[in-house]
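Dear colleague,

Please find below the structure that I am handing over to you, together with its sequence. My findings follow directly after it.

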Amino acid sequence: MDALQQKKLSAQAAMKYVVDGSVVGVGTGSTVNEFIPLLGQRKHDIEGAVASSEASAALLKQHGIRVLELNNTGDLPLYVDGADECDPHFRLIKGGGAALTREKIIAAASKKFVCLIDHSKRVDLLGSFPLPIEVIPMARSFVARQIAARGGHPAWRQGVVTDNGNAIIDVHGLRILHPEEMERDLNQIPGVVTVGLFALRRADVVIAAGEVLTRV
Ligand code: 5RP
């Protein structure tokens, strides 16, 4: 089964977590793009959605779903998003689509984080996928040097500006043995807005190709 088919199956399986009358947190990426049209079929049952990117907000509106601001909703019962890598403990690398900051905020504000993947995203050890970090533009070189001093190989994702007006650095060559520790460490570098490690707030449920996985 190809990756797109697997993403579609995961998106379908996520629908059972959507509660009538609620506001749904919606992430960003090609997997979530399979979920949004299904959510659109239930647009009259839900109050609306909070989007993690301008792109997802546009797609939600296209499907007739009311887009709400997190500032006006309070915490959410459910956040549905994809990932670039997922380990057996449901710790993730995210940010391939440069939406990591709003994704991390909505994940933190949500009671349940349901992560949709295809099997190619499953790894034993995080780090083969370059770790995205959102940085304040004037701190880009400084943060890159800090990353290099820690043994990572930073690459500026040229031409990409996040929805928050920031830059993205992708860190290659990491073997992330202690994700929570690394997330805390990188978070405190001045100029770092968000690290694409979702270990301190990991997924609660992971669905791979429609199958609900068991956390180790
Ligand atoms: C965007 C993300 C996405 O969830 C991640 O990149 C996975 O994307 P896709 O569903 O297209 O494989 O973190 O910032």
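Please note that this is a predicted model. I begin with the ring of F198, where K94 lies over the face at 5.6 Å from the ring centre. K104 also lies over the face of F198, in its case at 5.1 Å from the ring centre.

The domain assignment divides the protein chain into domain 1 (3–123 + 201–212) and domain 2 (131–195). The C-alpha centres of domain 1 and domain 2 are 24 Å apart. Between them, the two domains bury about 1200 Å², with 50% of that area on carbon and sulfur atoms. Of the area that domain 1 buries against domain 2, 39% is supplied by L100, T101 and K104, more than by any other three residues. In terms of contacts, 14 residues of domain 1 touch 17 residues of domain 2.

Charged side chains also take part: three salt bridges are counted between domain 1 and domain 2. Elsewhere in my notes on salt bridges, the side chains of E180 and R202 meet at 2.8 Å, N to O.

Finally, I turn to the aromatic rings. The count comes to one aromatic pair. Y79 and F113 form this pair, which is tilted, with 5.2 Å from centre to centre and 45° between the planes. The pair links distant parts of the chain, with Y79 in strand β3 (residues 76–81) and F113 in strand β6 (residues 110–117), 34 residues apart. Both Y79 and F113 are buried.

Note on methods
Residues numbered from 1 in each chain as written. Predicted model: local features only at pLDDT ≥ 70, side-chain atom pairs only at ≥ 80, totals over all residues. Heavy atoms only, no water. Phe/Tyr/Trp six-rings, centres within 6.5 Å; stacked < 30°, edge-to-face > 60°. Helix = DSSP H or I, 4+ residues; strand = E, 2+ residues; numbered from the N terminus. Buried < 20%, exposed > 50% of the residue type's maximum accessible area, 1.4 Å probe, protein only. Lys NZ or Arg CZ within 6 Å of the ring centre and 35° of its normal. Domains from an automatic or database assignment. Contact = heavy atoms within 4.5 Å. Buried area = accessible area lost by both parts, 1.4 Å probe. Salt bridge = Lys/Arg side-chain N within 4 Å of Asp/Glu carboxyl O.
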